[in-house]
Amino acid sequence: MTSPFQYAKDQVIGSTVDLLNQTRVQQLEKELTRILNDESVKLSHQDQSLLEALAQLEKVRDFLGKPENILGSDLTKHGEIAEQIEVHIRNAKNLINGKAASATFDQVGRTAPEDYIIDGVNVQSKFINGINNNLEHVLKHMDKYAEFGRDGSYYQIPKDTHRVIQQILDGNPPADLNDRTINKILEKVQEIEKQSGKSFSEVVKPSISDYGEVQQGKAHDTVNNHEDDINKMDNDNKEEISKKADKEREQAQQDGKPSMSEGLKAGLIGAAIGGSLNIAMFIYKNHKAGKSISHYSEQDWKDLGINFAKGSAKGGVTGFSIYGLTNFTSMGAPMASAFVSASFGVSQLALDYKAGKIDLNEFVAQGQIVCLESGMVALGAAVGQTLIPIPIVGTLIGSFATSALINLTKEHLSENEKEVTAKLKEIYDEALNKISYEHQKIVKAILEEYERLGTITEMAFNFECNAMFRFDYSKKLAIEYGVADEEILQSLEDVDDFFLN
């Protein structure tokens with residue numbers, strides 16, 4: 001019969017495996033909390049970025065709202081409007097993406113050689129109607145300011161104007177331009193490159209605006225269109241933040257799932273505990289008998305080693321079994337420990353019964369005791385959900401223990417030993433008849449889970465079976481525990497490949 005020491009050892013292993021599970025769950029909760037906090041902070045920063053970006057657009061609107069303060073005539077005011085849009089819209093698009101504002105009017109006079117500064121570089125804006133006229137104004141500015149366009153500073157012209165010039169330089173001029181116009185444009189481009197000593201693309205760059213977009217009658221619509229772009233970028237950025245957080249959560253959930261490697265770790269922990277406690281008990285018994293370690297004989301050391309090996313082997317199986325039961329079924333660690341203890345105990349009793357070492361009455365009595373702890377633990381779980389009157393607690397425990405014993409003996413006793421099952425069934429029915437229908441349902445619910453796991457688990461860990469037979473039942477056990485088919489090792493070759501590679 002399973003000893004109280006063995007029960008205690010299995011419960012110690014169960015508690016340790018439960019701690020292993022709890023640590024994994026706590027780490028998962030901690031990681032999920034970190035991901036949530038990180039996502040919240042990033043979304044908050046994105047909200048702030050949107051406010052800062054929209055503030056840049058309001059500066060343009062404020063400027064457009066006071067046309068009397070804009071330099072030039074009604075035909076030339078678009079030049080300063082282009083400057084305002086360039087600086088503030090550029091900054092808005094930087095800010096919405098979490099970057100610093102890169103353009104400024106600070107320390108720039110209204111009649112200075114540069115109109116604004118981008119990334120610390122002086123820029124002159126030239127928004128003139130007509131490509132040739134635009135390039136002519138660039139050349140005039142270069143003649144007036146000998147260093148401009150040569151010292152790293154550059155010019156910006158309308159985006160659509162620059163696009164046409166680039167098409168001409170690429171040998172693909174628009175069909176509506178005649179050869180004379182194209183040649184004049186090429187001449188001016190060459191002159192700009194000659195005076196600057198740099199390529200045209202280094203000296204003249206495109207603005208963010210087309211020529212028509214900065215005209216007084218169109219500027220408000222242009223700002224509104226940019227606002228739509230800013231809002232879209234904001235939504236895209238928030239979706240990306242949430243998408244990344246979802247991926248991190250998914251990965252954290254995956255990492256936080258029970259795994260074969262952690263199951264093996266539980267087995268190793270169980271082996272260490274089982275072996276260590278067996279040594280401790282062996283030494284304690286010898287000490288109690290008056291023999292200290294210093295007086296151990298060669299046989300004593302051999303016995304100690306055998307005890308350690310037995311304890312480690314059983315502890316390893318117990319740890320791995322409890323890990324599986326607690327992670328792939330609804331069993332808690334105490335119930336799982338009791339289940340494993342009962343499985344081992346009944347297995348040994350069945351061998352003793354078949355060998356004639358114990359009779360039927362002894363088998364039934366000792367078997368009920370072996371399963372008694374399982375009954376108390378199962379009842380404890382039921383009490384957490386249902387109020388059970390104290391007078392029938394003993395009957396509930398006894399009926400469960402008897403039924404558990406019936407289930408656990410099925411794989412150990414042959415057809416010729418039906419008298420055992422009959423005897424147990426008689427005891428079970430008698431106990432069950434003493435309790436009400438409602439409490440019979442409690443017992444039934446507990447037994448259904450126990451019965452579902454009993455036979456298949458016993459065979460999966462029955463070391464008297466040959467390896468292939470045990471392996472086959474281990475696969476069935478994995479399926480019962482809900483392991484995905486593609487994660488189940490299908491052959492011994494798969495096992496070798498998993499551990500060796």
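The side chain of histidine 78 reaches the backbone oxygen of leucine 75 at 3.1 Å. The model is predicted; local features need pLDDT of at least 70, side-chain atom pairs count only at pLDDT 80 or more, and totals for chains, interfaces and linings use all residues. Residues are numbered from 1 along each chain as its sequence is written, and side-chain values use heavy atoms, with hydrogens and water left out.

Histidine 78 belongs to helix H2 (residues 78–96). Helices (H or I, at least four residues) and strands (E, at least two) are DSSP runs, numbered from the N terminus. Histidine 78 has a relative accessible area of 6% and is therefore buried (under 20%; exposed is over 50%, partly exposed in between; 1.4 Å probe, protein chains only). Not counting residues up to four places away in sequence, histidine 78 touches Phe127, Tyr211, Val214 and Gln215 (contact: heavy atoms within 4.5 Å).

Helix H3 spans residues 131–144. Its 14 residues reach 20 Å from first C-alpha to last, close to the 20 Å expected at 1.5 Å a residue (1.5 Å times one less than the number of residues). Buried residues of H3 include Ile131, Leu135, Val138 and Met142. Their cover includes strands S3, S4 and S5 and helices H4, H5 and H6.

Mean pLDDT, the predictor's confidence in each residue from 0 to 100, is 76 for the protein. Of its residues, 61% reach 70 or more. Among the elements, strand S4 has the highest mean (98) and helix H12 (residues 393–409) the lowest (48). Over residues 378–399, pLDDT is below 50. Where pLDDT is low, the predicted coordinates should not be read in detail.

Note on methods. A polar contact is a pair of N or O atoms within 3.5 Å; within protein, one must be able to donate a hydrogen and the other to accept it, and residues adjacent in sequence count only if both atoms are side-chain atoms.
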